[in-house]
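Student: I'm new to this structure and would like a close look at one part of it. Could you pick a pair of packed helices and walk me through how they sit together, then show me what lies around them?

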Amino acid sequence: MSKLSLSVGPQHPGSGHMRIILTLSGDYIIEAIPDPGYVHRGEEKLAEYRNYIQNIPHLERPVVLDATGAIFPYVLAVEDLMNIIVPERAQFIRVIMAELNRIISHLYYMAIYGIFMGHSTMFMWPVGDREVFIDLANTIAGQRVTYAFLVPGGVRNDMPEKVKEQADKACNYFEKRLIEYEHIFMNNPLFEKRTKGVGILPKQDAIRLGVVGPTLRASGVKSDVRKDDTYSIYNQLDFEIPVSNACDSWSRAWIHMEEMRQSMSIIKQCLKRIPTGPVKLNLKQIKVPPGESYSRVEAARGSLSYYLISDGGKVPYRVRIMTPSFRNLITIPYIMKGVMLADMPPTYWGIDYWPVEADR
Amino acid sequence: MSKIQTFSSFVKRLIIIIVGLLITLTLLFSLLAYFVPSVKELQDILLSSFGNPSLMLNYLDQKGLGLNSLFFKVVVFPGFTWAALIAAEIIWFERKFLAKMQMRVGPLYAGKIAGLLQPIADVIKLVFKEIIAPSSSDKWFFLSIPIIITSIAAALLAVLPVSEGWIIMRSDVSVLIIFALVGFVPIAVLLGGWASNSKYPFIGALRGLHQMIAFEIPMLISTLGVVLLTGTLDLVNIVYAQSNIWFILLMPIGAFVFFTCMIIELERIPFDLPEAESEIASGYLTEYTSMAFGNLQLGVYIRFYAMAGVFTTMFLGGWYGPQILPNGFEIANQVIWFTIKTLLVMILAIVLRGVNPRVRIDLLLRMGWSSLLILSFVNLFLVILILQTELSQIFGV
């Protein structure tokens with residue numbers, strides 16, 4: 001049978017800011033080559049010209065959905081170099097923000113999953129419910145999307161008292177909605193038929209390719225930086241890591257659903273146990289001694305890490321960002337092989353690839 | 001002149017232009033009337049009909065353009081204008097209804113009341129855009145396909161009985177005519193995709209052909225049940241046969257199969273494979289712009305109305321319904337019932353769109369060839385059972 005090569009993206013409703021070069025035989029994909037790099041912004045180089053505080057807003061930009069997750073390892077690395085211990089209340093607030101961002105990011109994931117399946121209601125509902133958590137983040141951090149909230153030495157400001165009430169309301173509302181999502185979207189027979197057994201990434205392949213985050217957990221590997229290499233106060237909290245052995249597109253969506261549940265439980269625990277006290281160390285000046293530091297956190301898309309080199313000056317010598325999206329990009333040729341063209345968009349979105357994050 | 005800032009100011013400007021043109025033309029026309037005698041006669045009629053509109057109707061009747069003429073039926077009611085109006089408002093309704101399902105507002109501003117004029121605004125926008133044909137496309141075919149698809153859809157209206165006597169063309173084989181026209185649509189889609197000379201439209205067009213294979217045979221066999229029961233291929237006689245009982249009660253399976261096949265034929269979500277947006281850009285619609293695109297959409301929605309009308313005629317008793325208007329308005333009553341039933345069928349088709357993701361082509365073919373085909377045969381056997389036993393006397397068919 002003759003082959004047809006198809007360039008999907010960068011201007012295609014189902015590609016995002018990247019391109020996938022497909023080779024089709026009939027309706028089946030026999031080869032898929034990802035072509036990223038359309039939204040490279042040089043964040044790493046930019047970071048070498050700005051001081052440690054000025055770096056915070058622009059380093060959030062690659063992942064505006066998950067701004068806290070993107071900036072968390074940076075502040076951890078800076079604090080590690082400065083050798084300071086953050087007040088406990090600030091650590092709790094950081095974790096609350098990180099988990100809120102995980103929910104916001106995962107809801108966006110569900111929404112785009114829906115639109116890639118041609119399901120407009122599945123797009124509108126999560127986007128509408130995302131607003132609840134964006135409002136909550138707005139109450140805590142004073143911004144809707146990019147907060148610039150985490151700073152070396154704590155968080156920028158304390159959260160108001162009404163957060164507890166609002167968070168309870170939001171979590172109770174959304175727990176009910178998650179059950180509805182399961183009934184209407186995840187258990188829809190057409191949705192199951194189209195995603196179950198599609199885009200298989202076996203466990204050995206997932207480990208060999210160095211996949212991270214929900215994609216790895218959907219392939220049956222129980223791996224989460226929050227448990228494996230714990231940071232901040234995660235070791236004091238009680239939560240599960242959802243794992244699925246199905247290795248397909250459906251299980252990737254399911255992992256995201258379950259993680260939202262766990263995140264809500266973490267937020268509730270944090271709000272119950274949050275101590276009083278200062279939220280920021282009184283640092284007159286951010287003075288970073290020479291040295292190297294590496295830190296990683298579990299962002300919404302997986303393990304996100306920073307490698308920071310300081311020469312003792314006002315600006316960092318080198319900031320290296322390793323993003324989960326870029327590490328998951330390698331799976332595209334493997335999971336797309338043998339998939340039908342119609343299943344290309346959900347398979348592609350299943351790994352939660354965020355082009356801006358990968359290109360930095 | 002002031003800047004155009006809102007939709008209402010745009011409409012105002014449009015109305016000013018139209019009124020201005022009308023006044024200018026009337027002045028020119030009345031000048032002409034002094035020199036040409038036949039136009040003088042028309043002007044007399046025009047002037048006198050301001051006082052007595054029936055004069056104008058009589059004049060039109062003389063010329064063969066009156067309310068009972070074929071011209072009126074084709075152009076206004078129950079033909080193209082009526083169907084296009086319903087199509088435009090069903091687009092508005094679909095958007096508003098889906099918005100309610102998805103917990104948002106939907107069209108709001110154009111037309112003050114709940115965005116009622118949004119489809120009109122969209123059409124005006126499309127009309128004023130530039131028609132672009134890709135440089136490597138076969139331009140003649142490329143630009144003729146929208147017109148062909150709209151024409152096929154409008155041709156379906158010809159055999160649709162909206163009420164007793166109000167049908168453009170009564171034929172002994174109107175069911176066959178419908179299937180002949182419906183079978184032509186995928187070929188037009190293929191031609192359009194091929195003429196675009198682009199990969200995504202071509203894949204979409206091929207999908208359209210596959211889709212036809214999936215729906216056409218179950219649809220024909222489920223229709224065969226109706227035809228066997230009534231012994232006629234004439235849609236009007238099929239309606240008469242339902243004066244006692246609607247066929248959806250006699251053969252629910254057949255109605256279900258026909259409805260499903262109808263949705264597949266109309267390429268509506270969840271069966272919108274030929275234009276699957278996230279997979280193949282917009283399928284065979286990808287390269288179309290401006291009113292060429294508008295025509296394609298108009299064709300799809302007129303076909304939607306026509307097929308819902310066919311479903312109403314075959315299974316929901318056509319124009320039959322209780323008398324809600326006073327005596328003397330029987331025809332209007334029938335039209336109202338036909339329209340209500342047709343709109344209900346269309347709403348049912350819209351609900352499907354809100355709750356399902358898109359079907360894949362292999363799943364669709366499997367559904368068409370296994371479940372739908374088997375169900376349509378089961379329906380056929382049930383119909384034969386009704387015919388062979390006393391049941392047909394009981395139901396009076």
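Tutor: Let's go with α4(A) and α11(A), whose crossing is left-handed. Keep in mind that this is a predicted model. Two packed helices are described by the angle between their axes and the distance between the axes. Here the axes of α4(A) and α11(A), the latter spanning residues 249-273, come within 9 Å and cross at roughly 155°. An angle over 145° counts as roughly antiparallel, and therefore α4(A) and α11(A) are roughly antiparallel to each other.

Now for the residues that meet. From α4(A) come, among them, Phe92(A), Val95(A), Ile96(A), Leu100(A) and Ile103(A), as well as His106(A) and Tyr113(A). On the α11(A) side you'll find residues including Ala253(A), His256(A), Met260(A), Met264(A), Ile267(A) and Cys270(A). Sorted by class, this contact has 14 nonpolar, three polar and three charged residues. Among the residues taking part are Glu99(A) and Arg102(A) in α4(A) and Glu259(A) in α11(A).

Helix α4(A) turns up again where the two chains touch. There, 27 residues of chain A are in contact with 23 residues of chain B. On the chain A side, the elements giving two or more residues are α4 (88-116), α5 (120-141), α7 (189-195) and α14 (344-350). The largest share, five residues, comes from α5(A). By class, that side of chain A has 15 nonpolar, eight polar and four charged residues.

Chain A has strands to look at too. Strand β7 (residues 302-310) of chain A pairs with β8(A) in the antiparallel sense, over five bridges. Within that pairing, Ser305(A) has Met322(A) in β8(A) as its bridge partner. Follow β8(A) along residues 318-322 and you'll see its side chains alternate.

Last, hop over to chain B and find Tyr284(B), which sits in the loop between α13 (277-280) and α14 (290-315) of that chain. Is Tyr284(B) buried or exposed? With 20 or more other C-beta atoms within 10 Å a residue counts as buried; Tyr284(B) has 31, so Tyr284(B) is buried. Leaving aside neighbours within four places in sequence, its contacts include Val189(B), Gly192(B), Pro201(B), Ala205(B) and Pro274(B). Compare that with Gly321(B): 37 residues away along the chain, its C-alpha atom is separated from that of Tyr284(B) by 41 Å.

Technical notes: Residues are numbered from 1 along each chain as its sequence is written. Chains are lettered from A and ligands numbered from 1 in the order in which they are written. This is a predicted model: local features need pLDDT of at least 70, side-chain atom pairs count only at pLDDT 80 or more; totals for chains, interfaces and linings use all residues. Helices (H or I, at least four residues) and strands (E, at least two) are DSSP runs, numbered from the N terminus. A residue is buried if 20 or more other C-beta atoms lie within 10 Å of its own, exposed if 12 or fewer, and partly exposed in between; C-beta atoms are placed from the backbone. Two residues are in contact if their C-beta atoms, placed from the backbone, lie within 7 Å. Ala, Val, Leu, Ile, Met, Phe, Trp, Tyr, Cys and Pro count as nonpolar, Asp, Glu, Lys and Arg as charged, and the others, Gly among them, as polar. Two strands pair if DSSP finds at least two bridges between them. Axes are lines fitted to C-alpha atoms, for helices over the stretch in contact, and angles run from 0 to 180 degrees between N-to-C directions. Angles under 35 degrees count as roughly parallel, over 145 as roughly antiparallel, 65 to 115 as roughly perpendicular and the rest as oblique. A crossing is left-handed if the near helix is turned anticlockwise from the far one by less than a right angle, and right-handed if clockwise.
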